[in-house]
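Open the model in your viewer and keep the selection panel at hand. The stops below go from ring pairs to the domain interface.

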Amino acid sequence: MKSIIDFQKMKLDNEKISMITAYDFVQAGIAKEAGIDIILVGDSLATTVQGKKNTLSVTMDEMIYHTKLVKEGAGDVFILADMPFMSYQTGPKEALINAGRLVKEAGANAVKIEGGAFLKETIEKIVTAGIPVMAHIGLMPQFINMLGGYKVQGRSEAEAVKLASAAAELEHAGAFMIVLEAIPEETSLVIQKAVNIPVIGIGAGRYTDGQVLVFYDVVGMLAAAPPKFVKKYADSRSILIKALSDFRDEIKKGIFPSAENIYK
Ligand code: KIV
């Protein structure tokens with residue numbers, strides 16, 4: 001299994017890090033066979049698996065359940081689990097207890113938390129207990145009510161400087177990696193240069209040490225049009241709809257089951 005030491009080395013060797021979300025056994029197995037470096041059990045399971053409008057309602061128990069499913073299929077792929085809304089904002093002690101549950105009960109190798117420098121003490125506490133922490137800055141979906149929607153962050157020079165200094169503080173607190181979400185690539189470059197740990201982009205352009213996307217977006221499984229930063233590598237939704245409508249047609253016409261599907 002790759003470790004946080006390997007990810008640091010990959011950055012130094014200019015080898016890009018690949019990360020994909022997964023929420024269950026089947027997706028984790030597909031990510032493993034594809035050779036993905038890190039599987040993120042994202043709280044985006046709210047908007048993908050659960051059909052919710054945002055990620056705020058996800059619970060610790062749901063994160064543990066989905067991380068357990070992923071663990072079953074991930075083999076030796078490094079698993080990162082999102083800490084859901086209100087599982088760490090309430091203070092370092094509760095954050096440590098919840099991070100511990102994701103590792104101990106569900107099998108995560110590390111946890112991810114959204115937020116800037118205010119998380120320093122929380123990160124120190126979790127890392128001191130032996131749990132690697134990934135930070136997440138830029139567009140932070142758990143802060144949607146403060147940000148006023150899913151908007152690009154860090155467009156001005158002042159905002160870029162602020163994000164870079166937050167990234168440096170997060171590194172100093174012990175984060176092993178940082179996600180940059182929805183940031184112009186010039187700003188990502190400023191942040192990337194401000195830290196020594198890998199930065200992973202989602203809608204953050206080319207100057208990051210790796211990329212992460214949501215599983216359902218990459219394989220084209222969702223009905224809604226994906227955001228601009230997504231590249232759809234397959235159109236699974238139409239393939240699956242065709243498979244199910246062929247199945248329905250064959251039932252109606254008495255074609256399925258045929259001889260090869262029948263026990264003798
Ligand atoms: O929950 C998630 O899928 C994430 C990614 C967008 C980075 O946090």
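Are phenylalanine 215 and tyrosine 216 buried or exposed? Select the two residues in this predicted model: both phenylalanine 215 and tyrosine 216 are buried. Now display their rings. Phenylalanine 215 and tyrosine 216 make an edge-to-face aromatic pair, with the ring centres 6.1 Å apart and an angle of 80° between the planes. This pair belongs to a count of six aromatic pairs.

Next, select phenylalanine 247 and phenylalanine 256. These two also form an edge-to-face pair, at 5.8 Å from centre to centre and with 65° between the planes. The pair is classed as edge-to-face because the angle of 65° is over the limit of 60 degrees. Switch to a surface view for the accessibility of each ring residue. Phenylalanine 247 has a relative accessibility of 43% and therefore counts as partly exposed. Phenylalanine 256 has a relative accessible area of 35%, so this residue is partly exposed too.

Ring pairs join Phe7, Phe78 and Phe176 into a cluster.

Now colour the chain by domain. The domain assignment places domain 1 at 4-233 and domain 2 at 235-264. A line drawn between the C-alpha centres of domain 1 and domain 2 spans 39 Å.

How many residues of domain 1 are in contact with domain 2? Select the contact residues on each side: six belong to domain 1, and they touch four residues of domain 2. By class, the domain 1 side of this contact comprises four nonpolar residues, one polar residue and one charged residue, as follows from the breakdown for the side that touches domain 2. About 420 Å² is buried between domain 1 and domain 2, and carbon and sulfur atoms account for 49% of that area.

Keep the interface on screen and turn to its polar side. Four residue pairs are in polar contact between domain 1 and domain 2, counting pairs with both residues at pLDDT 80 or more. The interface of domain 1 and domain 2 also has one salt bridge. To finish, select aspartate 235 and lysine 232 and show their side chains. The side chains of aspartate 235 and lysine 232 form a salt bridge, with 4.0 Å from N to O.

Note on methods:
Residues are numbered from 1 along each chain as its sequence is written. This is a predicted model: local features need pLDDT of at least 70, side-chain atom pairs count only at pLDDT 80 or more; totals for chains, interfaces and linings use all residues. Side-chain values use heavy atoms; hydrogens and water are left out. Rings of Phe, Tyr and Trp (its six-membered ring) pair if their centres lie within 6.5 Å; planes under 30 degrees apart count as stacked, over 60 as edge-to-face and the rest as tilted. Buried means under 20% relative accessible area, exposed over 50%, partly exposed in between (1.4 Å probe, protein chains only). Domain bounds come from an automatic or database domain assignment. Contact means heavy atoms within 4.5 Å. Buried area is the accessible area (1.4 Å probe) that two parts lose on being put together, summed over both. A polar contact is a pair of N or O atoms within 3.5 Å; within protein, one must be able to donate a hydrogen and the other to accept it, and residues adjacent in sequence count only if both atoms are side-chain atoms. Ala, Val, Leu, Ile, Met, Phe, Trp, Tyr, Cys and Pro count as nonpolar, Asp, Glu, Lys and Arg as charged, and the others, Gly among them, as polar.
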